[in-house]
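Here's a quick briefing to read with the model open beside you. Have a look at the fold, then work through the points below.

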Amino acid sequence: MCHCCGDALNAPAASDRAHCRACRLAPPPFARAVAAATYDGRLRDAIHAFKYDKLRPIARPLGRLLAASITQLADEAQQDLLVVPVPIHRSKYRGCGFNQARLLAAEALAALRRTHPAWRLALAPQALLRQRFTESPSGLTPRQRRLNLRRAFRISDPSAVSGKDVLLIDNILTTGATARSAAKTLLEAGAHSVWVATLARARRPSLLHPGPNAQRAGNIHRSQPENRHPQPARMFAHDQPSF
Ligand SMILES: [Zn+2]
């Protein structure tokens, strides 16, 4: 597993700090991204229910899972962290009713206050704002996603992030494009470092195949033969939230 972004490595790693090809070729602006688990099975179902069925009671157990993800950073990240949920645009907020990342972050912080009282984590849900509407990233190539995400964020008050060590929170990390864009915006505003914690890590779509949609739908079939959902291609399109 890549120490920087958590993606699966194609070959056995020589060390536990090995980096994947993507992180070697284009080092991300964030220091490290961690996830609690791989995006499949019951976790995928739970995230899906949380996001699309708006099952808010799931926030608490998912928040505890996110807390477990964050604790992977205990030996590396600073103890004082500004916790910034990846924002969604207001128009999307109206559609889904709440920002899941913000709710998850609040639940995770509540759990960490009990288990890691020395950690000083301050939630800053308004620090990072969506600057403009970004189309649903499903169906876009990685390059189109990057272009889509360029200048996707802005900082509400640079003095609030200047010099701070920031922990970005989101549901899922797939290509890392959203995390890169958000981290870049935070660093340009003067943040000292940016760390990323998500619930789940989805396998980065292969860059070797020309048809990203066909490839992704195919991945679902191959990697999850037990998948009980009747429309895997549509499901997967839904499952590409902001990353
Ligand atoms: Zn990597």
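Start with helix α5: its buried residues pack against α2 (41-52), α3 (59-71), β2 (80-85), β3 (120-123), β6 (165-173) and β7 (193-201). Keep in mind that this is a predicted model.

**Helix α5**
- The residues of α5 that count as buried are Gln100, Ala101, Arg102, Leu104, Ala105, Glu107, Ala108, Leu109 and Leu112.

**The chain as a whole**
- The protein chain has 10 helices and seven strands.
- Buried residues make up 38% of its 243 residues.
- Taking contacts in the protein chain with a separation of 6 or more, 75% come from residues 24 or more positions apart.

**Cysteine 20**
- Where is cysteine 20? You'll find cysteine 20 in the segment before α1 (21-25).
- Is cysteine 20 buried or exposed? Cysteine 20 counts as buried because it has 20 C-beta neighbours inside 10 Å, and 20 or more is what it takes to be called buried.
- Leaving out residues up to four places away in sequence, cysteine 20 touches Cys2, Cys5, Asp7 and Leu9.
- Cysteine 4 is 16 residues from cysteine 20 along the chain, and their C-alpha atoms are separated by 7.9 Å.

Methods: Residues numbered from 1 in each chain as written. Predicted model: local features only at pLDDT ≥ 70, side-chain atom pairs only at ≥ 80, totals over all residues. Buried ≥ 20, exposed ≤ 12 C-beta atoms within 10 Å, placed from the backbone. Helix = DSSP H or I, 4+ residues; strand = E, 2+ residues; numbered from the N terminus. Contact = placed C-beta atoms within 7 Å.
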